[in-house]
Amino acid sequence: MEAVEVSDIFAALAILLSYPAYEHFEEQANAVYEFATVNEYAELQRAVEKLMQLPISQLEQHYVNTFDFQETTSLYLTAHERGDTRERGQDLLTLQQLLMSCGFTIVSGELPDYIPLLLEFLSQEQDHEQAQALCVRLAQVSVQIAGQLETDHPYRSVFDILVDVLPHTDHDQTTTLENPDLEDLPYPIMYD
């Protein structure tokens, strides 16, 4: 593999972890595949192939079932770190201020801790002092998510790459101050 910029890998993974039913997903996933091919990045090629071998409707179903319905594999950084606590709100505000202070525009309707959004930010602002701390936080959460996905899960290889490119830290240590409750909830909850 030729030397590939980490910022380019972050941008590619941001695309692959985005909701697969949006308008340009297939086109952008193909561009990621071309990027991986040109740079001889076999792991990224295989990750794209694994995703694109499924019809978009099936990939969308995997995405929703994995990232929207399972709290242990949620794509929201602070949900893993804080769970549903008051401190999470402050963390979201801090992340929003960081992104805005760097001139990064948050897509309307997205929380500032959405991992694909943060990867897109890091692809542009990797040298920012607070971005380095954000990379460490993402590394810890990415290890947790990868550990929850079966080896043959379509998104597992994407998280394996993310774990490889993020800074290696003692993953047993965590910056989490709370012990978030990440058990599956009995949805829907019915009230009389």
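**Exercise 1. Determine how helix H8 and helix H9 pack against each other, and which residues make the contact.**

*Solution.* Step 1: Locate the elements. In this predicted model, helix H8 spans residues 129–148 and helix H9 spans residues 156–165. Helices are DSSP runs of H or I with at least four residues, numbered from the N terminus. Residues are numbered from 1 along each chain as its sequence is written, and side-chain values use heavy atoms, with hydrogens and water left out. As the model is predicted, local features need pLDDT of at least 70 and side-chain atom pairs count only at pLDDT 80 or more, while totals for chains, interfaces and linings use all residues.

Step 2: Describe the geometry. Two packed helices are described by the angle between their axes and the distance between the axes. For H8 and H9 the angle is about 150° and the axes are 9 Å apart. Here axes are lines fitted to C-alpha atoms over the stretch in contact, and angles run from 0 to 180 degrees between N-to-C directions.

Step 3: Classify the angle. H8 and H9 are therefore roughly antiparallel; angles under 35 degrees count as roughly parallel, over 145 as roughly antiparallel, 65 to 115 as roughly perpendicular and the rest as oblique. Their crossing is left-handed, that is, the near helix is turned anticlockwise from the far one by less than a right angle.

Step 4: List the contact. H8 contributes Ser142, Val143, Ile145 and Ala146, and H9 contributes Arg156, Phe159, Asp160, Leu162 and Val163; contact means heavy atoms within 4.5 Å. These residues comprise 6 nonpolar, 1 polar and 2 charged. Ala, Val, Leu, Ile, Met, Phe, Trp, Tyr, Cys and Pro count as nonpolar, Asp, Glu, Lys and Arg as charged, and the others, Gly among them, as polar.

**Exercise 2. Describe the packing of helix H2 with helix H3 and the loop between H2 and H3.**

*Solution.* Step 1: The axes of H2 (residues 25–38) and H3 (residues 42–52) come within 8 Å and cross at roughly 155°. H2 is therefore roughly antiparallel to H3. The crossing of H2 and H3 is left-handed.

Step 2: On the H2 side, the contact residues are Phe25, Glu26, Ala29, Val32, Tyr33, Phe35, Ala36 and Thr37; on the H3 side they are Leu44, Gln45, Val48, Glu49 and Met52. The contact divides into 9 nonpolar, 2 polar and 2 charged residues.

Step 3: Consider Gln45 of H3. Gln45 is buried at 17% relative accessibility, where buried means under 20% relative accessible area, exposed over 50% and partly exposed in between (1.4 Å probe, protein chains only). Leaving aside neighbours within four places in sequence, Gln45 touches Tyr33, Ala36 and Thr37.

Step 4: Turn to the loop between H2 and H3, where Glu40 lies. Glu40 is not a glycine, yet has a positive phi of about 50°. Most residues other than glycine have a negative phi.

**Exercise 3. State how many residues of helix H7 are buried, and what covers the buried residues.**

*Solution.* Step 1: Of the 11 residues of H7 (residues 115–125), 8 are buried, so H7 is largely enclosed by the rest of the structure. The buried residues are Ile115, Pro116, Leu117, Leu118, Leu119, Phe121, Leu122 and Ser123.

Step 2: Their cover includes helix H1 (6–16), H5, helix H6 (86–101), H8 and H9.

Step 3: Within helix H5 (residues 77–82) is His80, which is buried at 3% relative accessibility.

Conventions. Helix = DSSP H or I, 4+ residues; strand = E, 2+ residues; numbered from the N terminus.
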